[in-house]
Amino acid sequence: MKFREETRKRTVPRTIGGITNDVTESYKVRVPVLPRDLDQLAVRAAGGLVLALTVVAIVWSTISIGSLLGGGVGYAAAVLADLSWLTVLVLEWLARFDPAKREFPRKLGWLLVAFAAGAIFWHGMLAGSVALAVVGASVSVVSKLLWLAVFRFIDRDLSEADQQWVAAEISKANAQLAIAGVRRQAAAAEARARLELLAAERTLSELDQLTEQSENTTELVAEPVTAGRPPVQLASPNPVREPAEPVPSIAALARQHLTAGASPTEAAQQILRRVPDANTASVQATVRRERNRLQSNGYL
């Protein structure tokens with residue numbers, strides 16, 4: 001067995017002057033060299049040769065189909081026709097462990113190759129050369145046959161029990177992917193719902209501020225302009241009406257009832273009994289605002 005030396009690194013303690021630190025040092029180690037897998041090299045070489053032949057087939061069919069379609073955009077259609085059956089080859093390789101799933105791309109590949117070969121044969125007959133038609137059409141068919149031979153060689157057929165085991169494992173993986181997708185959608189929906197709630201709370205807060213400003217404006221009483229004129233003296237006090245007791249503001253009443261232990265609904269009802277002319281929506285908004293303030297300040 002052959003060996004080769006590899007340089008690796010490791011961390012070792014190093015002490016200088018009584019102080020120890022970890023440092024990195026290099027060391028060499030001999031590792032065995034695995035023998036070259038000639039079978040794997042042969043498979044790669046065969047795949048490379050088939051790939052080279054496939055490139056030739058693609059160029060030939062592209063020129064033939066493009067000329068048949070009048071050139072220009074016809075070459076784009078020719079490239080589409082050639083790459084389509086190559087794509088099906090990739091799908092056939094990906095489905096190598098699932099015979100049922102592999103059967104469809106295999107049949108579709110033969111159909112697409114037949115289409116490309118037929119177009120090449122048609123172009124050769126229009127050009128007046130039977131040899132060009134037959135050989136050109138055969139290049140794509142031979143390329144497909146060679147790919148089929150490579151797949152048949154590298155395929156590993158599974159027994160029925162092994163196929164069921166592989167199908168069960170794939171089913172579990174697909175179930176996990178489905179669960180992850182559903183959870184991602186649920187998380188996105190929950191995030192949108194929270195954003196909607198935050199937007200609604202912000203709107204209510206702005207409305208409360210507007211309501212408070214409107215109340216403050218309404219509570220302001222404009223004094224009459226008496227500049228330059230003496231105040232009017234009453235001859236005698238009014239014996240019938242007593243001066244009205246000043247009513248506290250809606251905000252003060254809300255704070256009073258909330259700190260006394262009333263709920264927001266009860267506080268709004270008591271305020272409306274005290275001030276029957278007040279707007280119900282304005283009172284409720286004021287109660288909510290004062291309750292939030294008291295909670296944020298730790299009074300509730």
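Predicted model: local features only at pLDDT ≥ 70, side-chain atom pairs only at ≥ 80, totals over all residues.
Of the 300 residues in the chain, 23% are buried. As for contacts with a separation of 6 or more, 57% of those in the chain are between residues 24 or more positions apart.

I turn now to the strands. Strand E1, which covers residues 2-16, and strand E2, which covers residues 19-33, run antiparallel and are joined by 15 bridges. One of the facing pairs is that of Arg8 with Tyr27, the latter being in E2. The hairpin that E1 and E2 form has 2 residues between the strands, and in this hairpin Gly17 adopts a positive phi near 65 degrees. How many of the 15 residues of E1 are buried? The count is 0, and E1 is accordingly described as hardly covered.

When two helices pack, the description rests on the angle between their axes and on the distance between the axes.

Take helix H2, residues 73-94, and helix H3, residues 99-126, whose axes come within 9 Å and cross at roughly 160 degrees. Angles over 145 degrees count as roughly antiparallel, and H2 and H3 are therefore roughly antiparallel to each other. The crossing in which H2 passes H3 is left-handed. On the H2 side, the contact is made by Ala81, Asp82, Ser84, Trp85, Val88, Leu91 and Glu92, while H3 brings Arg102, Pro105, Arg106, Leu108, Gly109, Leu112, Val113, Phe115 and Ala116. Sorted by class, the residues in this contact of H2 with H3 are 10 nonpolar, 2 polar and 4 charged.

I would like to stay for a moment with one of those residues, Arg102, which lies in helix H3. Is Arg102 buried or exposed? Its relative accessibility is 12%, and since buried means under 20%, Arg102 counts as buried. If we set aside the neighbours within four places in sequence, the residues in contact with Arg102 are Glu92, Ala95, Arg96 and Asp155.

Arg96, one of those contacts of Arg102, also takes us to another arginine, because Arg152 and Arg96 are 9.9 Å apart in space, C-alpha to C-alpha, although 56 residues separate them in sequence. Arg152 is found in helix H4, residues 130-154. With a relative accessible area of 56%, Arg152 is exposed, whereas Arg102, as I said, is buried.

H6 and H7 make a right-handed crossing. In this contact, Ile250, Leu253, Ala254, His257 and Leu258 of H6 meet Pro264, Ala267, Gln270, Ile271 and Arg274 of H7. The classes here are 7 nonpolar, 2 polar and 1 charged.

The other partner is helix H8, residues 280-296, whose axis and that of H6 come within 9 Å and cross at roughly 55 degrees. H6 and H8 are therefore oblique to each other, and their crossing is right-handed. H6 contributes Ile250, Ala251, Ala254, Arg255, Leu258 and Thr259 to this contact, and H8 contributes Val283, Thr286, Val287, Glu290, Arg291 and Leu294. The residues of the contact of H6 with H8 divide into 7 nonpolar, 2 polar and 3 charged.

To close, I would ask you to look at Ile250, Ala254 and Leu258 in the structure, as these residues of H6 are in the contact with H7 and are also in the contact with H8.

Terms used: Residues numbered from 1 in each chain as written. Heavy atoms only, no water. Pairing = 2+ DSSP bridges. Helix = DSSP H or I, 4+ residues; strand = E, 2+ residues; numbered from the N terminus. Buried < 20%, exposed > 50% of the residue type's maximum accessible area, 1.4 Å probe, protein only. Axes fitted to C-alpha atoms, helices over the stretch in contact; angles between N-to-C directions. Parallel < 35°, antiparallel > 145°, perpendicular 65-115°, else oblique. Left-handed = near helix turned anticlockwise from the far one by under 90°. Contact = heavy atoms within 4.5 Å. Nonpolar A, V, L, I, M, F, W, Y, C, P; charged D, E, K, R; others polar.
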